[in-house]
Amino acid sequence: MTHGNLINLHDVYYAYPHEAPVLNGVNFCLAGGDSLGLMGPNGAGKTTFLHVLMGLLKPTQGTVELFGIKPNTPEELRKARLQIGFLFQNSDDQLFSPTVLDDVAFGPLNQGLSREQALERARTTLQTLGLESFEPRVPYRLSGGEKKLVALATILAMEPKVLILDEPTTGLSPEARKRLMTIINDLDTPRLVVSHDADFLSHTTDSILAMRNGVIRPGQLKPHTHMHVHAEGDIPHEHG
Amino acid sequence: MTSLAEPFATGNSFIHRSDPRARIACAVLLTVPMALVDTQLTAWTALVFSLVLTVLALLDPIEIFRRLLVVNLFIVFLWFFLPFSSPGIPIFSIGSLTATKQGFQLALLLTLKSNAVVITLMTLLGTIRMQDMGPAMQAMGVPPKLCHLLLFTYRYIFVIRQEYEVMIRAMQARGFAPANNIHTYRSYAWLVGMLLVRSWDRAERVNSAMLCRGFSGKLYTLSRHRFKFSDMILISAGVLLGSIFVFIDLHIKGII
């Protein structure tokens, strides 16, 4: 295996049935050691792009290459997906098991680990994230921030080669956001973080791309100054 | 939320420790004969045995009673209708309606049987934790689709209820007050429609999320259940008791 590209999308188009195209020739490449951020207005095609990347949607045109192969069959897709940790925007979509421990062990069990190995993996992952006390808890009764951390644990337990985070900070409190930022910063897994939260991206990624009208471009630096003090200023916010 | 709690699943009795598959098998072996027999003595026997089971499982009697109340709320209606609608020896009459002995006996029989069945299911199936239920059913050859259906209904019914509550609150915030008019019915219809659409969307997202974690249709469980000697005893007890019910029933009817 060379240090080549882990993920490579070439000239990808996608349109939902009977609708205008959402992706208009996306080129994207993530190599080992990369840590990329992706920003873009609502409706720019970010989520569609991620779903095409994961093979959940089949592009109308163009190629998706994951870990050096172009997965076609369900089995190839499954194998490729097992190496990508994909954090969904809404944790409730991701957490479905009756207890946190079961949920974290779900991925490892699908990877073919034995019961003991999966349990061990789940426990260590929860411990690393400082969530060991969550094991017996019921996912739907956790708070939003707790759910997000557990959802992150469920994908880290699969020891993915690439992390993809879709809007990880949406709806999080400043404390939960900060904790998530620290955790992600401590990981050396190559990653793609999609977010509206520029501050979060600048802390967790090396370079930021921009998506607009279904195309990804390198992010441009726009000079601007920030110097203001006001109540609750540590909460991410925007100025008109 | 309380309706999703599993108060019976947390014990540590001999029944809780048994293999979930044995419990499911035993439940089927007991409840099918219970539902089919139709003599008073058999029904009483079934009720007594089901109560013995709850004692063996060390279940909280108050909680059992609370649940039985709900069941019997429906059964009360039988007592209003059956005595007057069955032909037989008259006991008393109100106006043109005559209550018969056979009618009362039928109502009593149905009450005994349904309570026995519900108690048995509570003891044998209610003690299985939800995360063990799916894999156990799968191991017994229940079609995977049914297993998944059960598991996901359990997990997402609360989420769907939350969405319902959010929407109804949003409606109230805009001054919605239900009344007997077309506006109310139309709004409720939209609410239900929206709930269906959202559930569908969510189902798709959950499915994607599971595919991303390598789900291939098979459920795994972290609990370790080996088929033990005591599980054999449980199943044998199921066979024996089920046969006893059938035997008493047929004997009373003079067939055996």
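**Six-strand sheet, chain A.** I looked up the strand order of the open sheet of 6 strands and got β5-β6-β7-β3-β8-β9 (chain A), with mixed pairing. Strands here are DSSP runs of E with at least two residues, helices are runs of H or I with at least four, and both are numbered from the N terminus. Two strands pair if DSSP finds at least two bridges between them. I noted β5 (84–87) and β9 (215–218) of chain A at the edges; each has a single partner strand, so one side of each is left without a neighbour in the sheet. From one strand to the next, the twist averages 20°.

The model is predicted: I take local features at pLDDT of at least 70 and side-chain atom pairs only at pLDDT 80 or more, while totals for chains, interfaces and linings use all residues. Residues are numbered from 1 along each chain as its sequence is written, and chains are lettered from A and ligands numbered from 1 in the order in which they are written.

Strand β8 (residues 207–212) of chain A pairs with β9(A) over 4 bridges, in the antiparallel sense. A:A210 has A:R217 in β9(A) as its bridge partner. Next I looked at what covers the sheet. α1(A) packs on it and touches β3 (35–39), β6 (162–166), β7 (191–194) and β8 of chain A. The direction of α1(A) makes about 150° with that of β6(A). For contact I use C-beta atoms, placed from the backbone, within 7 Å.

**Three-strand sheet, chain A.** I found an open sheet of 3 strands in the order β2-β1-β4 (chain A), with antiparallel pairing. At its edges stand β2 (23–31) and β4 (61–66) of chain A, each with a single partner strand, so one side of each lacks a neighbour in the sheet. Neighbouring strands are turned by 10° against each other on average, direction ignored. Strand β1 (residues 5–14) of chain A and β4(A) pair over 5 bridges in the antiparallel sense. I picked out A:I7, whose bridge partner in β4(A) is A:L66.

**Helix pair, chain A.** I looked up α4(A) and α5(A). Their axes come within 8 Å and cross at roughly 125°. Axes are lines fitted to C-alpha atoms, for helices over the stretch in contact, and angles run from 0 to 180 degrees between N-to-C directions. That makes α4(A) oblique to α5(A). Under 35 degrees counts as roughly parallel, over 145 as roughly antiparallel, 65 to 115 as roughly perpendicular, and the rest as oblique. Among the residues that meet are A:L101 and A:V104 in α4(A) and A:L119 and A:A122 in α5(A).

**Helix pair, chain B.** I moved on to helix α4 (residues 61–85) and helix α5 (residues 101–124) of chain B. Their axes come within 9 Å and cross at roughly 160°. That makes α4(B) roughly antiparallel to α5(B). The contact residues divide into 16 nonpolar, 5 polar and 1 charged. Ala, Val, Leu, Ile, Met, Phe, Trp, Tyr, Cys and Pro count as nonpolar, Asp, Glu, Lys and Arg as charged, and the others, Gly among them, as polar.

**Interface.** Last, I checked A against B. I noted 29 residues of chain A in contact with 21 residues of chain B. On the chain A side, α4(A) gives the most, with 7 residues. By class, that side has 14 nonpolar, 9 polar and 6 charged residues.

Key: Contact = placed C-beta atoms within 7 Å.
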